[in-house]
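Thanks for making the time this morning.

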Amino acid sequence: MKLSSENKKIVIFSDVHQDLTKVQKILKHEAADINICLGDWFDSFYHDDDNHYSETTLYLKEEFLPNDKNITLFGNHDLHYLFDNKYTMCSGFEDRKYKIINDIINPNKEEFRSKFSWFLYVDDYLCTHAGLHKMFISPIVSNQDDLYEHLVIQSNDANIKARTNQHHWFYGAGRARGGGQDKGGIVWLDFDREFAPIKNINQIVGHTYRKQNRITRYSGSDNYCIDTNLHQWITISNGKLQIKKYSDL
């Protein structure tokens, strides 16, 4: 998916972890044309009661996903509830949570998870949950169009493998996060220990919590990590990127 910010406002936020109060306040305040979540709706240290899982699932099912202006990507903490795949498992998973979520989305689980994407572009920013490392870029990729086609092909393969209990590098963790890959895939790449700027590729990612609750920018290309417990998020309008603060609402 490719989106343009020309003549529209696009909001990008990440790592909700069931803090719906913040999400709803942000979206109401921004009143954007398009709202994008970079994933991780589920699992939380602070909002971890059964009702938090049911409320988040119902919000996705009944409000967020049915609205065409809203888009979400897969996060690692979403995958293990949406697929019965041993390779998508990560910390935070509990059978009680799985049951609550799946009791709500069944028997339309396939329709529900088909609303999630692996990546998208906003203008020239590649948006994924955790980031793309250059080791996963095919040698035949020589420009942005090639990269887009490469990621589309890999997304189709990941969709098949996620549904058939197979491994795909998209949801493989790197050694920095205790996984078996040299670097994490696009839902697992650690921004502090694995991410490296790629020439001519700008990225917006979440996944790696910013302890100061401030969005981090890397140079080399234009790269942002926005996992801040929703204390900050990004808007893009007519190509202009702005960092917004929850404290200003």
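Predicted model: local features only at pLDDT ≥ 70, side-chain atom pairs only at ≥ 80, totals over all residues.

Which residues of α6 are buried? They are Leu-147, Tyr-148, His-150, Leu-151, Gln-154, Ser-155, Ala-158 and Ala-162. If you look down the axis of α6, these buried residues fall within an arc of 155°, so they line one face of the helix. In general, an α-helix has 3.6 residues a turn, so residues three or four places apart point the same way. On the face of α6 turned away from the buried side, we find the exposed residues Asp-145, Ile-153 and Ile-160. Just after the helix, Asn-165 takes a positive phi of about 55°.

What, then, covers the buried residues of α6? The cover includes β1 (2-3), β6 (120-122) and β7 (125-127), and α6 lies across these strands, running at about 145° to β6.

That brings us to the sheet, which is open and is formed by 6 strands in the order β1-β6-β7-β8-β10-β9, with mixed pairing. Its edge strands are β1 and β9 (216-218), each of which pairs on one side only. Within the sheet, β6 and β7 pair in the antiparallel sense over 3 bridges, and Tyr-121 stands opposite Leu-126 in β7.

Finally, a few backbone details in the loops. As background, most residues other than glycine have a negative phi, and most peptide bonds are trans. In the loop between β1 and β2 (9-13) sits Asn-7, whose phi is positive, near 60°, and which is exposed, with a relative accessible area of 67%. Another positive phi, near 50°, belongs to Asn-238, a residue found in the loop between β11 (232-237) and β12 (240-245). The peptide bond joining Asn-106 and Pro-107 is cis, with omega about 5°, and Pro-107 is found in the loop between α4 (95-105) and α5 (109-113).

Key:
Residues numbered from 1 in each chain as written. Heavy atoms only, no water. Buried < 20%, exposed > 50% of the residue type's maximum accessible area, 1.4 Å probe, protein only. Helix = DSSP H or I, 4+ residues; strand = E, 2+ residues; numbered from the N terminus. Arc of directions from axis to C-beta. Contact = heavy atoms within 4.5 Å. Pairing = 2+ DSSP bridges. Axes fitted to C-alpha atoms, helices over the stretch in contact; angles between N-to-C directions.
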